[in-house]
Amino acid sequence: MATVALKTVRKVYAGGMEAVKGIDLTVPDGALCVLVGPSGCGKSTLLRMIAGLEEISSGTIEIDGRVVNALEPAERDIAMVFQNYALYPHMSVYDNMAYGLRNRGTPKPEIERKVREAARMLELGSLLDRRPRQLSGGQRQRVAMGRAIVRDPKVFLFDEPLSNLDAKLRGQMRVEIRKLQRDLGVTSIYVTHDQLEAMTLADVLVVMNSGRIEQVGAPLDVYEEPATTFVASFIGAPPMNLLTPDHLSAVGAVLEGLLPADAVTVGIRPEDLGTVEAKSAEAGSAGLITFDVTIDVLEPVGAESYLYARVQDASVVVRLPGRAAVPETGKLKVAAPVDKLHFFDTHGKRVDPVPVAARRLG
Amino acid sequence: MPERTEAGTTSRSRRSPWVSHAVLIAGILIVVFPIYYTFVASTLSLQQILRPPLQLLPGSHFLDNYYEALFGGLGRVGGINVWTLLLNTSIVALSVAVGKIVISILSAYAIVFFRFPFRMTFFWVIFITLMLPVEVRILPTYKVMVDLGLIDTYTGLTLPLMASATATLLFRQFFMTIPGELLEAARVDGAGPWRFFFDFVLPLSKTNIAALFVILFIYGWTQYLWPLLVTNSNDMNTIIIALRKMISYADADTQWHLVMVTTIFAILPPVAVVVLMQRWFVKGLVETEK
Amino acid sequence: MTSRVIFPHKVLPYLLLVPQIAITLVFFYWPASQALRQSTLREDPFGLVTTFVGLGNFRQVLSDPDYIGSVQTTIIFSAATALIPMAIALVLAVMADKVIKGRGFYRTLMIWPYAVAPAIAGMLWLFLFNPTIGTFAYMLRRAGYDWDPLLNGNQAMLMIIMAAAWKQISYNFLFFVAGLQAIPKSLLEAAAVDGAREVKRFWTIVFPLLAPTSFFLLVVNTVYAFFDTFGIIHAVTSGGPGKATETLVYKVYNDGFVNLMLGSSAAQSVILMGIVIALTAIQFRYVERKVHYA
């Protein structure tokens, strides 16, 4: 068990491409830290640098207070679960899990005990003699986990471990990983491009974009107060609606007194938009803004419905509860509580809303 | 290849397959007859062989001829018996096959799994040897052998044949299909280059090695120009060179029945290797060259 | 994606390469460079004085009627040796693709010649056609045909072509079988639905799709005919009678080793190197295109 501390870590490839542009990050002991971002944002490179599979161009990586920059992967006391599992095709499940322990000279009875223990936890007991190709996707995934667990490492590293599973299995395994990580209490760093996976798994959520950290925080904090327009549109599905004040004014929204000085973008989550009746009840004393949207498509998915609409040339998504009683074409007046609005400046940075007291004055 | 038997039948001739079988049997006759004929001749007496046409079924001298060839000493090549010739040829074929595999797998491993200055230069140095077969550099290579004192030695017979681009290229191609994640996982599990080589690369290359072994064993066994150049003494002859010496001074005294037996011995081991290891050999051959 | 993962060691890869590079330099590059050097030198008959003659040896070789004759011999021999086994193997492979029973049996016998050394292949056919002991020679003579490959150049050529082509049937057969199996059966079914009969299907679908395999085999067979058949010629005809079966490779050997014309032999070696380079280049351009198909 250990904290992992990254200090101005950079990765520059031989061609001059800078994949990771100076990352500072501390993962507390026992936490599950999820690095999330679009492909090419440097999250995998960062993970592989922590693993020791990529050289570190500058900066330092500490695991449990020890700088590991110059150490081989095997010397860093980490275990890794790979995207394609990287199970050893010519070894049995047992040998796959035992291999790392044998290389460290662990005594045979102890290997046996640890492998059996991990197999029991992961319900792999009856599969120990099989070869990887005889296993289903979910079973392979478990073996990959088992291989990491038996090593009893200071840190678990996960590189998009669920991306090869179908949706249903992915959900199940997500829960299993979360549970296992809690039970073992091992500091973990988990890379994914799936924001849902990131939200549900993380103690610490790190959103990355083009080699930089956009925001670090607890998942719900990040969701509720995205630091940038990038985070706002990346976390949450469907993504946050981003509109200019001009768009909103043009369709009847009254923003006077609400708009902070630097704000050039207004963000509204799809679920914060709704019919005027529904949202008036929610908003209480905070007040509402209302405006007209032009309906494109209504998508009922059961528990909720998505209304895809336009405000001039910008598109807007509205998440309506249940079977929505709205027309399928034409115009609709929608509303959002004033205290659910997000504001961003010209650099895409979050701007604090105008304090309630000041609003009245305006 | 799987499921083609079923799917294939629709496209196959609905007429009786006997035409196909007849053509194939004719083909087999062309392919096998010369060998069979030699086998028949190896069971006949010298007098029978000298009076063609030969009979189509084996004769009664099988034991006599084979006994004489194995234990009698063959007059025409300086009293060297078939054992020595077989031993020499086996040594050549086995050392060439094993040596080539070892040398090639090591250099392919270096080229694929490491990054170092002049890596591509080395690759090209190896690749270009494809274009320098011994046939185009006969004399100077012979001179090197003389200077190094390798004439009439097993080293001389085998060492120069051990470096070849084909095997290295094959291993390189195969290594590049080993997923990078496997190497990463192994490194996280504490495997260094040697351990990765013995625990992963070798076991995963088993089929390739088997196929290559067959191909290279045949290559070594059937060498002609090279042993012709670097052996003078009869007791260093390979069986093929010895045979050539037996028939090239052909005259009335040529022991044709022993020539036939020796020919069968020259054919049998490589054919046995190819037939017994057929599955790997065919797969390896077709995949190597493509 | 990113380049493949590697070991960070700096010295080990060189050690791994040492055996192959050492052998290559000593037995391949040094002799080849010596051949290049020798090809520009000429020795007097006693081997005492060596003079630099530039391209003189090449000029001499290329204007030598014996060399031109050898080029012709090589072309005839190589063309026949390359094409005959392809034709036979294609027919056999198509038949083998049709039958269900006995495939393994046919293949097992069909690969025998691959394991037979070229020189031995030559001897096998010599045993059949040798004027003294050959049964076929006997039958030909009984039929009134004047058969003596030891005296008749054309007959000698025919005999070595038979031996060389026979040995190569196995290899071509295996590749055509693999080529046929790679043709998607749905194509043939589509053609059948489109009304093409079996023979038509072969010529319009199968044969064009085998073109890459055929071209590959043509190159491989040509290389084989040029270089690997040395044993056949040396063991069966020694280039004779006269110079009727003296191919380019045999001539390099004969001029260098037997006649000791070092400069001329070296010049011929260099010309052969040029031919190998061209053939290898063709082969690899083809392989590259193959990759794009896949």
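Select Ser210(A) to begin. Keep in mind throughout that you are looking at a predicted model. You'll find Ser210(A) in the loop between β9 (204-209) and β10 of chain A.

Glu123(A) sits in the loop that runs between α3 (108-121) and α4 (137-150) of chain A. With 11 other C-beta atoms within 10 Å, Glu123(A) counts as exposed, because the cut-off for that label is 12 or fewer.

One more loop in chain A. Select Ala237(A) and Pro238(A) together: the peptide bond between them is cis, with omega at about -10°. Pro238(A) belongs to the loop between α8 (229-234) and β11 (241-243) of chain A.

Next, switch to a cartoon view and look for strands. In chain A, 6 of them make an open sheet with mixed pairing, and the order across it is β6-β7-β8-β3-β9-β10. Which strands stand at the edges? They are β6 and β10 (212-217) of chain A; each has a single partner strand, so one side of each is left without a neighbour in the sheet. Ignoring direction, neighbouring strands here are turned by 20° against each other on average.

Highlight β3 (residues 32-36) and β8 (residues 187-192) of chain A, which run parallel and share 5 bridges. To see one of the bridges, pick Leu35(A): its partner in β8(A) is Val191(A).

Still in chain A, move along to β17 (residues 331-337). How many bridges link β17(A) with strand β14 (residues 288-300) of chain A? There are 7, and these two strands run antiparallel. Look for Ile289(A), whose bridge partner in β17(A) is Ala336(A). Strand β13 (residues 274-275) of chain A also pairs with β17 of chain A in the antiparallel sense, over 2 bridges. Here Gly274(A) stands opposite Ala335(A).

Time to see where chain A meets chain B. Show the residues in contact: 16 come from chain A and 14 from chain B. On the chain A side, β6 (78-81) and α2 (93-103) are the elements that give two or more residues. That side divides into 11 nonpolar, 4 polar and 1 charged.

Now make chain B your selection. Colour domain 1 (16-76) and domain 2 (82-288) separately. Their C-alpha centres lie 30 Å apart. Where they touch, domain 1 of chain B supplies 19 residues and domain 2 of chain B supplies 15. On the domain 1 side, α2 (18-41), α3 (46-50) and α4 (62-71) of chain B each supply at least two residues, and α4(B) gives the most, with 5. The domain 1 side is made up of 11 nonpolar, 6 polar and 2 charged residues.

Bring chain C into view beside chain B. This contact takes 86 residues from chain B and 87 from chain C. Which element gives the most on the chain B side? That would be α2(B), with 13 residues. The chain B side divides into 60 nonpolar, 18 polar and 8 charged.

Finish inside chain C. An unreviewed UniProt entry annotates "transmembrane region" over several spans of chain C, including 12-32 and 156-181. Select residues 12-32 of chain C: the span is 100% helix, with end C-alpha atoms 29 Å apart. Then try residues 156-181 of chain C, also 100% helix, where the end C-alpha atoms lie 38 Å apart.

How values were computed. Residues numbered from 1 in each chain as written. Chains lettered and ligands numbered in written order. Predicted model: local features only at pLDDT ≥ 70, side-chain atom pairs only at ≥ 80, totals over all residues. Contact = placed C-beta atoms within 7 Å. Helix = DSSP H or I, 4+ residues; strand = E, 2+ residues; numbered from the N terminus. Nonpolar A, V, L, I, M, F, W, Y, C, P; charged D, E, K, R; others polar. Pairing = 2+ DSSP bridges. Axes fitted to C-alpha atoms, helices over the stretch in contact; angles between N-to-C directions. Domains from an automatic or database assignment. UniProt positions renumbered as here; feature names shortened; annotations may be inferred. Buried ≥ 20, exposed ≤ 12 C-beta atoms within 10 Å, placed from the backbone.
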